[in-house]
Amino acid sequence: MPMAGSEDTMNRNPVGTRRGGLRIWVLVLFAGYAAYYWFSNRSIDPLTGQAVVIDRSISPEQETALGLQAYQQVLQQERPLPADAQVSRQVGAIAQRLIAKIPPVSDALAAEHGLQASHIEKSFDWKVSVLQSDQVNAFCLPGGKMAVYTGLLPVAQNADAMAVVMGHEIAHALLRHGAQRMTRGKLEQLGQMAGAASGMDQGTMQTVMQAYGYGSALPYARSQETQADELGLMLAAAACFDPRESVPLWERMDKNSGGGAQPEFASTHPSAGTRISELEKLMPKALQYRVKFCESAAQG
Ligand SMILES: [Zn+2]
């Protein structure tokens, strides 16, 4: 029965086309929404002069609340040293010097980009804890809750290098890198939903996501690491620490990184070599900031 066969083919085709059409529509709608979302949440960060996308529904207050929650959890799980221990006092003093220079350094950096600093630090409630642990690590959560692990002490070796690491962590919080990651995660979820709704298979979806830079397991994007390095270095220099100590610090960090989990700030992107050459390029500016903002350096 040749007629039945051709009828079959004729019936199948419109269904296939309809399915293909639907798939394209879902993707077009998603792309449209993603573009709208992207541009309506895009702004220029005054401290870096670079475009950032932060979901406007994620407020600094919300971030601070999340940061505080995470901090309390960490303090319960880890072993914090008493606040009056010698190390706690030393680390606390470094933090205080860095924090004091956030307003003038923010103003100077924003002015370089012809912008005004937003001074997000005004809403921060700073606290620093030293955690007894072999981890070579430190962090600063949104809202200003910081921690330094004792495992970092032998790698940092001196207050200047410690200030470089802590400045880097403070910079991530000031630049709202966490909120940027949350925003990216939100878009990623939407993309996955659109992909699933359009009937795209998992493999194709991943290729598409990766092409757009989504779905990477990396803790911070490379550009965010570079931004944190720069702002952190300027803060350390302005607070009278020696920014040149950042180079031997990264050399020690690199030597120390053989195997095991990588601490956040020693992540493989940028690599130690790239990082050191980028820091060296920033050194003249850091030394200028030191002369400009560090009172004792200006006198000496
Ligand atoms: Zn980092």
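**Cavity and surroundings**

Reply: Happy to. The largest cavity is lined by Val164, Val165, His168, Asp229, Leu249, Trp250, Phe265 and Leu279. On a 1 Å grid over the protein atoms alone, a cavity is a set of points where a 1.4 Å probe fits but cannot get out, and lining residues have an atom within 4 Å of a point. This is a predicted model, where local features need pLDDT of at least 70 and side-chain atom pairs count only at pLDDT 80 or more, while totals for chains, interfaces and linings use all residues. Residues are numbered from 1 along each chain as its sequence is written, and side-chain values use heavy atoms, with hydrogens and water left out.

Me: Which elements give two or more residues to that lining?

Reply: Those are helix H6 (159-174) and helix H10 (246-256). H6 provides the largest share, three residues. Helices here are DSSP runs (H or I, at least four residues), strands are runs of E (at least two), and both are numbered from the N terminus.

Me: And how do the lining residues divide into nonpolar, polar and charged?

Reply: Six are nonpolar, one is polar and one is charged. In this scheme Ala, Val, Leu, Ile, Met, Phe, Trp, Tyr, Cys and Pro count as nonpolar, Asp, Glu, Lys and Arg as charged, and the others, Gly among them, as polar.

Me: What's the volume of the largest cavity?

Reply: About 50 Å³. The structure holds one cavity of 30 Å³ or more. A volume is the space filled by probe spheres set on the grid points, which are joined across faces, edges and corners.

Me: Zooming out, how many helices and strands are in the chain?

Reply: There are 12 helices and five strands. The chain has 300 residues, and 44% of them count as buried, meaning under 20% relative accessible area, with exposed being over 50% and partly exposed in between (1.4 Å probe, protein chains only). Taking contacts (heavy atoms within 4.5 Å) between residues at least 6 apart in sequence, 73% join residues at least 24 apart.

Me: New topic, aromatics. How many aromatic pairs are there?

Reply: The count comes to six. Rings of Phe, Tyr and Trp (its six-membered ring) pair if their centres lie within 6.5 Å; planes under 30 degrees apart are stacked, over 60 edge-to-face, and the rest tilted. One of the pairs is Tyr33 with Tyr36, tilted at 6.3 Å centre to centre and 45° between the planes.

Me: Where do Tyr33 and Tyr36 lie?

Reply: Both are in helix H1 (residues 2-40), three residues apart, about one turn of the helix. Tyr33 is partly exposed at 40% relative accessible area, and Tyr36 is exposed at 55%. Another tilted pair is Tyr289 and Phe293, with 5.4 Å centre to centre and 55° between the planes.

Me: Why are Tyr289 and Phe293 separated by about one helical turn?

Reply: Because they are four residues apart in helix H11 (residues 272-293). Tyr289 is buried, with a relative accessible area of 3%, and Phe293 is buried too, at 12%.

Me: Back to the tyrosines: which ones do ring pairs link into a cluster?

Reply: Tyr33, Tyr36 and Tyr37.

Me: What does the side chain of Glu112 make a polar contact with?

Reply: The side chain of Tyr289, at 2.7 Å. A polar contact is a pair of N or O atoms within 3.5 Å; within protein, one must be able to donate a hydrogen and the other to accept it, and residues adjacent in sequence count only if both atoms are side-chain atoms. Glu112 sits in helix H4 and is partly exposed at 44% relative accessible area. Setting aside neighbours within four places in sequence, Glu112 is in contact with Lys285 and Tyr289.

Me: Where's His119, and is it buried or exposed?

Reply: His119 is in the loop between helix H4 (102-112) and strand E3 (127-131), and it is buried at 17% relative accessible area. Its side chain joins that of Glu121 through a polar contact of 2.7 Å. Beyond neighbours within four places in sequence, His119 is in contact with Pro103, Ser106 and Asp107.

Me: What's phi of His119?

Reply: Near 50°, a positive value in a residue other than glycine. Arg176 also has a positive phi, near 55°. Arg176 is in the loop between H6 and helix H7 (177-197), and counts as buried at 15% relative accessibility.

Definitions and conventions. On a 1 Å grid over the protein atoms alone, a cavity is a set of points where a 1.4 Å probe fits but cannot get out, and a pocket is an open set with protein on both sides within 12 Å along at least five of seven lines; lining residues have an atom within 4 Å of a point.
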